[in-house]
Amino acid sequence: MTGVVTKSTGSWYSVRVDNDTVIDCRIKGKFRLSGIKSTNPVTVGDVVDFDMEADNENGIINKIHKRKNYIIRKSVNLSKQTHIIAANIDQVFLLVTIDNPPTSTSFIDRFLATAEAYSIPAVILFNKIDLYSKELLAKKQAIEKTYRDIGYECLDVSATEKINIDKLKIFMKDKVSMFSGHSGVGKSTLINAVFPELDLKTAKISSQHKQGQHTTTFAEMFVLPFGGYIIDTPGIKGFGVVDFEKHEIGDYFPEFFAIKQHCKFNNCLHLNEPDCAIKKAVENAEISESRYVSYLQLLEGENENYRIDDWS
């Protein structure tokens with residue numbers, strides 16, 4: 001039988017055969033994926049083949065179909081291994097909050113670069129806009145302008161006040177969408193606003209640390225009543241990138257890629273080379289300085305700092 005993995009708990013996988021039938025499956029033996037040292041060989045969104053066990057209730061996964069894409073990050077607990085968040089995604093929504101909890105531009109840029117590397121369109125959702133002071137709204141607008149100018153779709157939303165929920169549904173219709181972001185940015189609350197019947201568990205922000213509590217333990221895919229699918233993911237404190245080659249990192253920044261042909265050297269890393277178009281653009285405020293700083297951090301491999309939440 002063939003189905004789509006809708007939930008992974010580490011040892012058991014829920015596999016949807018159709019919209020009404022879900023079979024609990026496990027893996028027999030070890031799957032080895034070429035080039036990927038992953039903590040989870042099977043992930044939500046995977047199309048898999050499985051055989052029913054003798055009890056005819058559970059299944060055993062024996063094949064993973066080729067993925068059209070996947071999004072991956074460095075494993076939090078095992079620094080040399082990776083964690084595949086989800087596979088076969090049409091788009092990712094990165095939920096960003098300016099405060100309570102704050103989302104750093106470094107985190108945003110690492111996530112977007114990874115989405116670019118794996119050819120997954122990304123949309124930035126600025127959540128909780130109903131709670132911001134004039135100062136925080138001004139900060140949000142400045143950050144939003146940076147990413148809009150690059151070409152990223154951005155949308156202001158409020159899960160609690162239902163602001164722009166209908167616009168969000170238009171983005172999501174008939175697509176496989178993944179929601180991601182820090183714990184506490186309101187992923188589950190927003191999904192509940194989009195699809196109230198799900199009634200996902202939510203939790204309040206810690207007033208002491210301004211950080212969210214993990215309410216989503218495992219990634220899970222849900223069928224949307226208006227067409228399409230949504231993948232809810234556990235909140236992530238930091239985003240460690242995986243296997244970025246230095247000469248390719250600039251290509252994952254669209255505004256760098258657009259003008260890199262004007263650099264004097266074809267192999268320019270945009271560091272100390274003469275006549276670098278990227279550095280000139282930063283000096284002329286045509287490229288955001290925060291984006292350039294994020295690029296330098298990726299270039300220098302500063303993964304040990306990828307869990308920092310504070311603003312630069």
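This is a predicted model: local features need pLDDT of at least 70, side-chain atom pairs count only at pLDDT 80 or more; totals for chains, interfaces and linings use all residues.
Two strands are taken to pair if DSSP finds at least two bridges between them. Strand β9, spanning residues 122–126, is joined to β10 (residues 153–156) by 4 bridges, and the two run parallel. Within this pairing, F126 has D156 of β10 as its bridge partner. To get from β9 to β10, the chain passes through helix α2 (residues 134–150), in a β-α-β crossover that is right-handed.

Strand β9 also pairs with β8 (residues 91–96), again in parallel, through 5 bridges. Together with helix α1 (residues 105–117), β8 and β9 form a β-α-β unit, which is right-handed.

How well covered is β9? Of its 5 residues, 5 are buried. In a regular strand, side chains alternate between the two faces of the sheet. For β9, one side carries A122, I124 and F126, the other V123 and L125, and both faces are covered, with these residues all buried.

Is V241 buried or exposed? Its relative accessibility is 8%; since buried means under 20%, V241 counts as buried. Along the chain, V241 and R110 lie 131 residues apart, yet their C-alpha atoms are separated by 6.7 Å.

Technical notes
Residues are numbered from 1 along each chain as its sequence is written. Side-chain values use heavy atoms; hydrogens and water are left out. Buried means under 20% relative accessible area, exposed over 50%, partly exposed in between (1.4 Å probe, protein chains only). A crossover is right-handed if, with the strands pointing away from the viewer, the path from the first strand over the helix to the second runs clockwise.
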